[in-house]
Amino acid sequence: MSDLTDSLVDVSSDSFWEVGNYKRAVKRVDDGNRLCNDLMNCLHERARIEKSYATQLTEWAKRWRQLVEKGPQYGTVERAWFALMTEAEKVSDLHMEVKAALTGEDLEKVKNWQKEAYHKQMIGGFKETKEAEDGFRKAQKPWAKKLKEVDAMKKAYHNACKEEKTATSRENSSKLENNNPEAQKKLQEKVEKCQQEVQKTKERYKKSLEELDKVTPQYMENMEQVFEQWQQFEDKRLSFFKELLLGVKQHLDLSSNHKYSTVYHTLEDTIQAADAQEDLKWFRSNHGPGMPMNWPQFEEWSMDLNRTLTRRETKRKHTDGVTLTGISQSTEQTSKTSSSSAGPVEKTTADGSDEEAGNPFASANANGNPFEDEPAPAEVCVPVRALYDYDGQEQDELSFKAGDQLMKMSEEDEQGWCKGRLSDGTVGLYPANYVEDLE
């Protein structure tokens, strides 16, 4: 009991048992409600991040799908590259599902629990806070009253001791100064009276402490009961938070989602399916020596052939191709190979006639003269930037690196080519989808 008494008289003590220090336990009720709001804000902010990430993935996939489609890549490796964009789109969908789970299921759980656990009063504050405050105050009131009496008796006793010491000092000083006996007698009586007061206040002080000691066990028991009641209340909140956070983890952990693992299995299968030899074979057949060719053959002149040439010349006026006379179409080379490629547009004749494919004398003049200059297209002057590297395949083609700037001198023709000028003054053709206009 002496240890408890020492703690009571220590003014710097921050013990729960001190009068009014139960307010920290009461404040915990309000803190629980605030923590519910903080948790909802936390989940809402994470949901915004999930949505933003999903949106960025979708935009990235869309942009690069278009760039790869227009770029020079082809075949199975192109499909493997496209698989990256497909992965981004599917992962974007999964992150949108996470966002929906956070803002829907998880946030609603916190909101509903908070509504059931904390009840607002008309006068402000929460019903639970008031109940906790009232419970602790009631349990502490009798003991606090006794403590107040002890403090009063303690103060009276200490004042009496102070008076007694002062009176004694005056008496001793009077003896040294040899004052008259009458004054010394009065001082002596004063000392005796102070000593009696000290003894009297000391007894009252001890008695008040004894009475305080008697009510302390009951005080501790009552406070323990109230405290335990609100411990259980807090236990419910802590347990709920743990359960909810486990649910949030389940929603965030995409590795446990079978859809997520399927996305990457599919991505790996598509990439593994890329076959360089198959792509090389396809390019050879569609853009290399494997392409069919209508080789020139001797033909006798006839009226039917003349009429055919006349019709072709008329059609040629609306295209950039030419017709070579005297070339017959062999039966075994009549079918043309169709292909789709993400590479640069090939510079082929736009006529569509098999006789004109691969003709080194093809020209765009309407009279069929291969040595006559083509009509010059209207020139423009637009600065552009290269998106990819390009090595010119013909003498009239430009070569440049990604990031180089050049000047576009004509609009894109029907075959996807533009005329341009490099910074060193070289003029030539280049594929239009390899550059972008400068802002």
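The legends below describe several views of a predicted model.

Residues are numbered from 1 along each chain as its sequence is written, and side-chain values use heavy atoms, with hydrogens and water left out. Because the model is predicted, local features need pLDDT of at least 70 and side-chain atom pairs count only at pLDDT 80 or more, whereas totals for chains, interfaces and linings use all residues.

View 1. Along the sequence the elements follow the pattern α-α-α-α-α-α-α-α-β-β-β-β-β, where helices (H or I, at least four residues) and strands (E, at least two) are DSSP runs numbered from the N terminus. Of the 439 residues, 31% are buried, that is, under 20% relative accessible area with a 1.4 Å probe, counting protein chains only. The protein exposes about 28600 Å², of which carbon and sulfur atoms supply 52%, by the Shrake-Rupley method with a 1.4 Å probe. Among contacts (heavy atoms within 4.5 Å) with a separation of 6 or more, 72% are between residues 24 or more positions apart.

**View 2. The contact of helix α3 (residues 75-117) with helix α6 (residues 258-272).** The axes of α3 and α6, which are lines fitted to C-alpha atoms over the stretch in contact, come within 9 Å and cross at roughly 175 degrees, on a scale that runs from 0 to 180 degrees between N-to-C directions. The two helices are therefore roughly antiparallel, a term that applies to angles over 145 degrees. Residues that make the contact include Leu84, Val91 and Leu94 of α3, together with Tyr260, Val263 and Leu267 of α6. By class, the contact has 10 nonpolar, 1 polar and 5 charged residues; Ala, Val, Leu, Ile, Met, Phe, Trp, Tyr, Cys and Pro count as nonpolar, Asp, Glu, Lys and Arg as charged, and the others, Gly among them, as polar.

**View 3. The open sheet of 5 strands, in the order β4-β3-β2-β1-β5.** The pairing is antiparallel, and strands pair if DSSP finds at least two bridges between them. The edge strands, β4 (427-431) and β5 (435-437), each pair on one side only. Neighbouring strands of this sheet are turned by 45 degrees against each other on average, direction ignored.

**View 4. Strand β3 (residues 417-421) beside β4 and β2.** Antiparallel β3 and β4 are joined by 5 bridges, with Gly420 partnered by Gly428 and Trp417 opposite Pro431. In the hairpin of these strands, which has 5 residues between them, Gly425 takes a positive phi near 95 degrees. Strand β2 (residues 405-408) also pairs with β3 in the antiparallel sense, over 2 bridges, and Met407 has Arg421 as its bridge partner in β3.

Notes: Angles under 35 degrees count as roughly parallel, over 145 as roughly antiparallel, 65 to 115 as roughly perpendicular and the rest as oblique. Buried means under 20% relative accessible area, exposed over 50%, partly exposed in between (1.4 Å probe, protein chains only).
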